[in-house]
Amino acid sequence: MTEKPHPDTEFTRHRPLLFSIAYEILGSVSDAEDVLQDSYLRWRAVDAAMVANPRAYLAQIVTRQALGVLRAAARRREEYPGPWLPEPLATGPEGGDHVLTGEAVTTAMLLILETLTPHQRAVFVLREVFDFDYPEIATAVGKSAQAVRQLNQRARNHVRTRRDRAHPAVATPIEAQSAAQRFSIAATTGDIQGLMDVLAPEVVFLADGGGVVNAGLRPVVGPDKVARLVVGWLAKGARMGELSLRNCTYNGMPSVVLSIDGVLDQVISIEVRANLITAVYCVRNPEKLTALEV
């Protein structure tokens, strides 16, 4: 008889998937890590020898824990000062312990998921992102398989409508990197016209300061306004100390990590479609930068 793996071995083997599920439901690295800690303790209290499918069972635990956290966070996010953005997740070569790739992890998609109900979001993530079966999802969210199918259909329609309403297809990695390079050069040299040339007519700038640090409380729309804001923002940072920038990839998008005198100040990620930048996401809230390394 084949001996079953140790519970810790099972948890470690599935940890990248479990973290990814929690992050997709919550949009927060720190909350996802907390969910994994609680889920691990619950898993250790289970007789693992009686679990036929550890992957599905662990996903069930994590989903239920994440739903509890999401409900508790809903009120706080409604009262959040200014735009709320997901906590940056490294997805390039320096990416962490997760399995997220493609459009599902982008800031734009996570913002769309924020508009779903908690159960719709959990069902959509488990089915559309991680391809769990409907019976497995039903057990995870405590609903019937038929109810889960209906929830997923509503969520898919909502996501499709929001996504199709936005912009053309996402750029290829080469196109995105090219636009990001032009953006960085123009922004750091103060070339407003050069910056405007790479910004789409409908470009939007969102900054998340969490009410803790200075950041715009409303979206800024249009290439002229966004270009002047970015150039002015970097110039102000340079006056505060030694400015350093590092190119990387967060949430599947070209990003710039900006530090002042060696202290992490913000992460700027750009969304590129049809060779133009359609969105600039700036995370300055210190609570969302604690897990990042300078």
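Colleague: Where does G82 lie?

Modeller: G82 is in the loop between α3 and α4 (107–113). Before we go on, this is a predicted model, where local features need pLDDT of at least 70, side-chain atom pairs count only at pLDDT 80 or more, and totals for chains, interfaces and linings use all residues. Residues are numbered from 1 along each chain as its sequence is written, and side-chain values use heavy atoms, with hydrogens and water left out.

Colleague: And how do you decide what is a helix or a strand?

Modeller: They are DSSP runs numbered from the N terminus: H or I of at least four residues for helices, E of at least two for strands.

Colleague: Back to G82, then: buried, exposed or partly exposed?

Modeller: Partly exposed, because its relative accessibility is 25%. Buried means under 20% relative accessible area, exposed means over 50%, and partly exposed is in between, using a 1.4 Å probe and protein chains only.

Colleague: OK, helices. How do α1 and α3 cross?

Modeller: The axes of α1 (residues 7–26) and α3 come within 9 Å and cross at roughly 30 degrees. That makes α1 roughly parallel to α3. Angles under 35 degrees count as roughly parallel, over 145 as roughly antiparallel, 65 to 115 as roughly perpendicular, and the rest as oblique. The axes are lines fitted to C-alpha atoms, for helices over the stretch in contact, with angles from 0 to 180 degrees between N-to-C directions.

Colleague: Which residues make the contact of α1 with α3?

Modeller: On α1 they include F11, L17, L18 and I21, and on α3 they include L58, V62, T63 and V69. Contact means heavy atoms within 4.5 Å. By class, that contact has 14 nonpolar, two polar and three charged residues.

Colleague: What about α3 and α6, what is their angle?

Modeller: α3 (residues 54–78) and α6 pack at about 45 degrees, with axes 8 Å apart. The two are therefore oblique to each other. The α3 side of the contact is A56, Q60, T63, R64 and L67, and the α6 side is E136, T139, A140 and V141.

Colleague: T63 came up in both lists. What is T63 in contact with?

Modeller: Leaving aside neighbours within four places in sequence, T63 touches I21, I25, A122, L126, A140 and V141. T63 counts as buried because its relative accessible area is 0%.

Colleague: Which residues of α6 are buried?

Modeller: In α6 (residues 134–141), those are Y134, I137, A138, A140 and V141. They cover an arc of only 165 degrees around the axis, which puts them on the same side of α6. The arc is taken from the directions from the helix axis to the C-beta atoms.

Colleague: Changing topic: what is the phi of N251?

Modeller: Positive, about 50 degrees, although N251 is not a glycine. Most residues other than glycine have a negative phi. N251 is in the loop between β3 (243–250) and β4 (253–260), and it counts as buried at 2% relative accessibility.

Colleague: And A274, where is that?

Modeller: A274 is in the loop between β5 (263–273) and β6 (276–283). A274 isn't a glycine, yet its phi is positive, about 55 degrees. At 48% relative accessibility, A274 counts as partly exposed.

Note on methods
Nonpolar A, V, L, I, M, F, W, Y, C, P; charged D, E, K, R; others polar.
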